[in-house]
Amino acid sequence: MMPEIIVALARETLETPFRHQGRSPVNGIDCVGVAAHVANGLGLPYIDQIGYARQPSGGQLESALDEQPCLVRIPVAQASAGDVLVMRFAGDPQHVAILAGKTIIHAFEKNKKVVEHDLTEYWRTRIVRAYRFVEVTP
């Protein structure tokens with residue numbers, strides 16, 4: 001699998017309305033839902049979590065990602081197109097995005113939909129972890 005396929009799958013969700021715990025690129029999706037959509041499109045197994053808070057705490061997001069059979073943790077400095085970025089705004093990490101080269105794709109509640117925009121310094125400074133989908137080589 002190529003990173004371009006991952007980015008294309010993530011882009012399928014663009015403009016989808018934001019919906020907390022949503023998993024449907026038609027009816028609504030959240031940031032984790034975008035990553036789940038990609039895993040599903042790649043035919044990779046993933047463990048879907050439900051019942052999580054809008055702002056996970058206590059390492060909940062990191063634990064859930066560490067347990068995913070479709071992801072492997074990588075150093076942030078090695079992240080490249082197609083990788084999953086974990087971000088923190090305040091407190092514990094609470095957001096994920098798909099890196100698409102110089103842009104990121106993510107469901108962002110503030111925008112009320114899935115968006116793609118430049119990975120600016122504002123966003124870059126929030127990255128605390130990175131993961132790569134298994135069987136994907138850069």
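Biologist: Why is Glu 4 called exposed?

Modeller: Its relative accessible area is 54%. Exposed means over 50%, buried under 20%, and partly exposed in between, with a 1.4 Å probe and protein chains only. So Glu 4 counts as exposed. This is a predicted model, where local features need pLDDT of at least 70, side-chain atom pairs count only at pLDDT 80 or more, and totals for chains, interfaces and linings use all residues. Residues are numbered from 1 along each chain as its sequence is written, and side-chain values use heavy atoms, with hydrogens and water left out.

Biologist: Where does Glu 4 lie?

Modeller: Glu 4 is in helix α1, residues 3–11. Helices are DSSP runs of H or I with at least four residues; strands are runs of E with at least two; both are numbered from the N terminus. The protein chain has four helices and eight strands. Their order from the N terminus is α-β-β-α-α-β-β-β-β-β-α-β.

Biologist: How far apart are Glu 4 and Phe 18 in space?

Modeller: They are 24 Å apart, C-alpha to C-alpha. In sequence, 14 residues separate them.

Biologist: What makes Thr 16 buried?

Modeller: Thr 16 has a relative accessible area of 3%. The limit for buried is under 20%, so Thr 16 is buried. Thr 16 sits in the loop between α1 and β1 (23–24).

Biologist: Which residues is Thr 16 in contact with, leaving aside neighbours within four places in sequence?

Modeller: Contact means heavy atoms within 4.5 Å. Among the partners of Thr 16 are Ser 24, Pro 25, Ile 29, Lys 112 and Val 114.

Biologist: What is the phi of Glu 15?

Modeller: Phi of Glu 15 is near 75 degrees, a positive value in a residue other than glycine. Most residues other than glycine have a negative phi. Gln 21 also has a positive phi, near 65 degrees.

Biologist: Why is the pair of Phe 89 and Trp 123 called edge-to-face?

Modeller: Rings of Phe, Tyr and Trp (its six-membered ring) pair if their centres lie within 6.5 Å; planes under 30 degrees apart are stacked, over 60 edge-to-face, and the rest tilted. By this rule there are four aromatic pairs. For Phe 89 and Trp 123, the centres are 5.6 Å apart and the planes are at 85 degrees, so the pair is edge-to-face. The pair links distant parts of the chain, 34 residues apart. Phe 89 is in the loop between β4 (84–87) and β5 (95–99), and Trp 123 is in helix α4, residues 121–124.

Biologist: Which residues do ring pairs link into a cluster?

Modeller: The cluster holds Phe 89, Phe 108, Tyr 122 and Trp 123. Trp 123 counts as buried, at 7% relative accessibility. Phe 89 counts as partly exposed, at 29%.

Biologist: How do you know that the radius of gyration agrees with a compact globule?

Modeller: The radius is taken over C-alpha atoms, and the globule rule is 2.2 Å times the number of residues to the power 0.38. With 138 residues, a compact globule would be near 14 Å; the protein chain has 13 Å, which agrees. Of these 138 residues, 47% count as buried.
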